[in-house]
Amino acid sequence: MAEVSIEKLATDIGTTVERLVQQFKSAGITKVAGAQVTEDEKRQLLDFLSKQHGGTGAEAPKRMTLQRKTTSTLSVGKSKSVNVEVRKKRTYVKRTDVEEAKIAEEEAKRLAEEQQAKLEAEQKAAEAAKKAAEEKAKKAAEAKAKADAERAQRAEEAKKAAEARQAEETQLSPEEKAEQEKIQAEAEKLRKTQEEETQRKLEEEAKKAAEDAKKLAEENSRRWKEEEERRKKEEAKEVHVHSNRYAQEAEDVDDIKSERGGRRRKKSKKNAGSELKHAFNKPAKAVERIVKLGETITVGELGSKLAIKATEVIKTLMKMGEMVTINHVLDQETAVLVVEEMGHKYELVNDNALEDELIADVTGGDKAGRAPVVTIMGHVDHGKTSLLDYIRRAKVADGEAGGITQHIGAYSVETDNGRIAFLDTPGHAAFTAMRARGATATDIVILVVAADDGVMPQTKEAVQHSKAAGVPLIVAVNKIDKEAADLDRVKTELSQIEVISEEWGGEHQFVNVSAKTGQGVDELLEAINLQAEVLDLQAVPTGPAKGIVIESRLDKGRGPVASVLIQEGELKAGDIMLCGEEYGRIRAMRDENGKDVKLAGPSTPVEILGLSGVPMAGENALVVQDERKAREVATKRHTKQREVKLAKQQKAKLENMFANMEAGDVSELNVVLKADVQGSIQAISDSLTKLSTDEVKVNIVGSGVGGITETDASLAAASSAIVVGFNVRADASARKIVETEEIDLRYYSIIYQLIDEVKQAMSGMLAPEFKQEIIGLAEVRDVFKSPKIGAIAGCMVTEGVVKRSNPIRVLRENVVIYEGELESLRRFKDDVQEVRNGVECGIGVKNYNDVKAGDQIEVFEIVEVKREL
């Protein structure tokens, strides 16, 4: 190998030039930076370094020195720390083969001596155990021998005693002999018992001693085996440690443990991850599920049935253009599309299976004739209730507020030609739903038209309801006793809405009546019976009852009360009735006069008590046999109704979200509505909701049947609502909250007064309109220049008044060229506030100097106009 420079050699061996020069100097070779190094000089330096580490130069070194430096940081306060550096130096000496063999021999000898000592100790323990067992057995044998000697001695004594007794017996009488024999038998029995007990105890002690000796021997054997295994492990460990000449690995491990304070090494994340892996393989084929879908289902429930997260269902719906949340209620059609989109199958389920089962349980029977159900309809204040009063010989209209019927009344009237069930409906515009409900539950409709008033809006609506329900119509022309009565006008107006009398070739019966005098009432009843015969009305008179809820309310003393018209079957106290979302066992039945009814057949209206709540008017009523099933159906209907209501709310929120953002804030009139019957709530709610406009919205935050309670008042206070009571009043606790919170509480008994006042309240919430009103007009005749103000228009007021504080417009050829305000208004040299028609003045327009002769200056003011609905 060629010579190399000292810098190149230092770079190759990884040291500095100064250190290498110093090592050459120690080896007796003088070198300087930049000098060349020969092969002999390299070998000489290597031999010197080898001798420094215990070698002879020609062979490997026998000594190795290792240095270690560790640095740790100690925290001595919240923000202070100290670095501690620990340096360790350790020298390892290589042993010769002779030394290694000697050490191995000594180790083997030491292990043999330890093994011999252990064996001797175990033998001594075994001998001691054996000796103890022998001593125990010896003691047991001695105890047995001693017991045998005692028994022999007792036997000898007994023998002597027997001989003595025998000698005595020869002198004893027979009775004494018998007594003596008895005593001897007892003594012999006692002796045998004692001997058996002693023998049993000795045997148990001997057995126990043998078991103890056996256990001790087993324990010694087990210990010997454990010691043998431990010794073998230690020998293998010692051989493993000493097989390495320098023992570096073991000692390094010891150093690392001592430096780290014995802390365990953490497993690498790679190894930890591999241990946590499981052997589950993803299915190669997607799982296809069959989902059962009812009429409605929420997004969360659909996700559960598909065994996926709800977020996946939401993503799918978003792709389909539907923005939904996890609680959004989906209809059946949407759910089917989602399931098909996600690659699954569906099965449509009938949610009404339980209801169908209940209805199927109601068996039919033979039909028989029944009384007709007649509904009296017509415009408000045309005399419907008064006509019914005359027929019933009662005064119903006197009891209604304002003489207006505001409930559906159901009455059963006995006439000369048989029984007739009458339904009296309200005529006010707000009670559209009530009239529609009355038309569907009836057989014949009597349309009452006032002879002096003719056909009115609700008259037309009643005709539409009767035609929609397919019910025959009888026209009763009322108030014929009045001077202004015009029968031909009534017939003409009714013919225009396709209600043509029989006299004019039509199919509708016309009867002229007077509710006041009773004229024509008998003819009206005959017309009803004639129409009933034509219809041939029949129903099943026996079996479970079916009907319809005409009206319902909450009575403070009796609880929920429902007016039910029985259509089929017979109803009696104790029957279980299902009415929409409510059910219950009937506790009592009453007729329209408040008298108890034992049995109610077809076409009979009754009031029933005992339902779980106030049913909705118009619901079907059904008698069932199983109360548990009735409860299940009622609960299911309630849940379904709640879901439908929730779906409507969500739909309204989604549809109106952007419209509300564009329109800005919409004023809301919050209302808490309480009424005496369910039908009134429906009518008032519909009427108030129809009053809503784009700017003012009626929001019914709470409604219910019954008096105004503390809960209603609290709800009104929380939602800043007004409380409206229709034929109900607030209790003491509610009145206290109303006074404290200053809630607007209003009572009404006539529906149109309620609607009118709410309409006025909403008008006050409308944003006012501002109208511009021209109050004066001035014509510019000439223009003057002022150094202070600028252009001054010399004007003649031609119309109205020019006021200084009002805004103006500058017109040129009837086109607005500037809009602003007056800066000055002068009459000669004086500042004035206003100038009237026909007077000259000087006008200075603020921030505008382009006024020309011939221009017109228009003065106007902004007037606030109060808006009304």
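**Salt bridges, cores and cavities in the predicted model**

Glu114 is partly exposed, with a relative accessible area of 33%. The value comes from a predicted model, as do those that follow. Arg110, at 33% relative accessibility, also counts as partly exposed. A salt bridge joins Glu114 to Arg110, and the closest N and O atoms lie 2.7 Å apart. Both residues sit in helix α4, which spans residues 97–169. Their spacing is four residues, so about one helical turn separates Glu114 from Arg110.

Another pair within a helix occurs in α9, residues 310–319. Here Lys315 forms a salt bridge with Glu312. The closest N and O atoms of Lys315 and Glu312 are 3.9 Å apart, which is inside the 4 Å cut-off for a salt bridge. Lys315 and Glu312 are three residues apart, and so are separated by about one helical turn. Lys315 is partly exposed at 47% relative accessibility. Glu312 is partly exposed too, with a relative accessible area of 36%.

The side chains of Asp855 and Arg812 also meet in a salt bridge, at 3.0 Å from N to O. Asp855 belongs to the loop between β36 (840–845) and β37 (856–865), whereas Arg812 belongs to strand β32 (residues 807–812), so the pair ties together parts that are 43 residues apart in sequence. Asp855 counts as buried, because its relative accessibility of 2% falls under the 20% limit. Arg812 is partly exposed, with a relative accessible area of 24%. Elsewhere, Arg553, Asp555, Arg558 and Glu607 are linked in a network of salt bridges. The structure holds 26 salt bridges in total.

The overall composition sets the context for these pairs. The protein has 21 helices and 37 strands. Of its 869 residues, 35% count as buried. Among contacts with a separation of 6 or more, 69% are between residues 24 or more positions apart.

Nonpolar cores were examined next. In soluble globular proteins, nonpolar side chains tend to be buried together. The largest nonpolar core contains 24 residues. Leu387, Phe422, Ile446, Leu524 and Ile528 touch the most other members of this core. Two or more residues of the core come from each of the helices α12 (384–392) and α16 (521–535). The strands β10 (373–378), β11 (409–415), β12 (418–424), β13 (444–450) and β14 (473–478) likewise give two or more residues each. The largest share of this core, six residues, is supplied by α16. Beyond residues up to four places away in sequence, Ile528 touches Pro372, Val374, Ile420, Phe422, Ile444, Ile446 and Ile474. A second, separate core has 21 residues, including Ile684, Ile722, Ile751 and Ile755.

Rolling a probe the size of a water molecule over the atoms shows where empty space is left. The model has two cavities of 30 Å³ or more. The largest share, four residues, comes from α4. By class, the lining of the second largest cavity has four charged, two nonpolar and one polar residue.

Ala35 is placed in the loop between α2 (17–26) and β2 (36–37). Ala35 and Ile6 are 29 residues apart along the chain, and their C-alpha atoms are separated by 5.9 Å. Lys491 lies in helix α15, residues 487–496. Lys491 counts as buried, because its relative accessibility of 12% is under 20%.

Notes:
Residues numbered from 1 in each chain as written. Predicted model: local features only at pLDDT ≥ 70, side-chain atom pairs only at ≥ 80, totals over all residues. Heavy atoms only, no water. Buried < 20%, exposed > 50% of the residue type's maximum accessible area, 1.4 Å probe, protein only. 1 Å grid on protein atoms, 1.4 Å probe; cavity = no way out; pocket = protein on both sides within 12 Å on 5 of 7 lines; lining within 4 Å. Points joined across faces, edges and corners; volume = space filled by probe spheres on them. Nonpolar A, V, L, I, M, F, W, Y, C, P; charged D, E, K, R; others polar. Core = buried A, V, L, I, M, F, W, Y, C linked by side-chain atoms within 4.5 Å. Contact = heavy atoms within 4.5 Å.
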